Amino acid sequence: MSAILITGADLAPQASALLAGHELVFAGRTPNEDDLVALCRAHDPVAIIVRYGKIPAAVMDAAPSLKVISKHGSGTDTIDKAAAHARGIEVVAAAGANAAAVAEQALALLLACAKSVIALDARMHAGHWDKATHKSLELGGRTIGLVGLGAIGLRFARMADALGMRVLGFDPFANNDSLPPYVERVDLDTLWAESDAISLHCPLTDENRGLLNAETLARCKRGVIVVNTARGGLIDEPALLAALHSGQVAMAGLDSFAVEPMTPGHPFQGEARLVLSPHIGGVTGDAYVNMGVAAARNLLAVLARQATPA
């Protein structure tokens, strides 16, 4: 029986059932490179389902039978894809499996920022009634700029349109013919200049690392809201903090960070203009099942294709 390594402590029962013909090896909730190398040497898996941790070349080299690396989600930046390609190992992702969950988290962060949900809740619990002094931001009629128009970005675009927002979108890989009529495709210069809020929905690559930085934030409208449910590396975190302090950025809602988990004493902690969540946008009961099933089906499809004689 061939082995499949899961870089986590569990997998949805529906996904496990699909893989019933294989030995499932679980690496635990916080596997490091040494843990994964040891497990690969011990079990020589034909496939890896990536939930947590990174998959560098050393892990691949420890599993000579490895044929496919399947992401339990859509972002594959934790996998060394160049190393996989060089070794003939396919990398697949569960694109769209968590789109509803992540888009809803982005909307929740946007609304929390625009409506001062966290600050007003704290004030109420402290016995204050700020009706006479507080004004929230109305999103209807304002412009949201989306960087990334994949399954998550387009799901979020539909929500923003329902709020009566003008939706701008940038994605060099999107097909114009498939975009809904309420998404106005623009270049990044236009998106920075015209957006009242910006939401990131693109994968992290070497080309877009630090996409939001001191220079690009300075080109945005003063008082812009920033939302990130994609990857933390898309934002230059010290630059964002400086923009928050200066008022260039009014609020930011963040679900992902450059280094995860966030360590105690991080400069973001205690910052009143930040709404933070621990990279849980895609962590719902439904998404857990959807991502697990998609990851299992993707790797089985690769194994079946490779087993079929040419």
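Reply: The chain exposes about 14,700 Å², and carbon and sulfur atoms supply 55% of that (areas are Shrake-Rupley values with a 1.4 Å probe, and for residues only the protein chains shown count as cover). Before we head in: this is a predicted model, where local features need pLDDT of at least 70 and side-chain atom pairs count only at pLDDT 80 or more, while totals for chains, interfaces and linings use all residues. Residues are numbered from 1 along each chain as its sequence is written, and side-chain values use heavy atoms, leaving out hydrogens and water.

Now inside. The largest nonpolar core has 30 residues; a core here is a set of buried Ala, Val, Leu, Ile, Met, Phe, Trp, Tyr and Cys residues joined through side-chain atoms within 4.5 Å. Val-147, Trp-192, Val-226, Leu-240, Val-249 and Leu-254 touch the most other members.

Who builds it? Two or more residues each come from helix H8 (188-194), strand S9 (197-200), strand S10 (224-228), helix H10 (237-246) and strand S11 (249-254). (Helices, H or I with at least four residues, and strands, E with at least two, are DSSP runs numbered from the N terminus.) H10 gives the largest share, five residues.

So let's stay with H10 for a moment. Its buried residues are Glu-237, Ala-239, Leu-240, Leu-241, Ala-243 and Leu-244. As background, an α-helix has 3.6 residues a turn, so residues three or four places apart point the same way. The cover over H10's buried residues includes helix H9 (214-218), S11 and strand S12 (274-276). After H10 comes Gly-247, with a positive phi near 90 degrees.

Then there's Trp-192. Skipping residues up to four places away in sequence, Trp-192 touches Val-147, Ile-198, Leu-211, Leu-212, Thr-216, Arg-219, Cys-220 and Lys-221, where contact means heavy atoms within 4.5 Å. Apart from this core lies another, of 29 residues, including Ala-103, Ile-152, Ala-160 and Val-183.

Stepping back out, the chain has 11 helices and 12 strands. Its radius of gyration is 21 Å, close to the 19 Å of the globule rule for 310 residues, so the chain is as compact as a globular protein of that length (C-alpha atoms are used, and the rule is 2.2 Å times the number of residues to the power 0.38).

Note on methods:
Buried means under 20% relative accessible area, exposed over 50%, partly exposed in between (1.4 Å probe, protein chains only).
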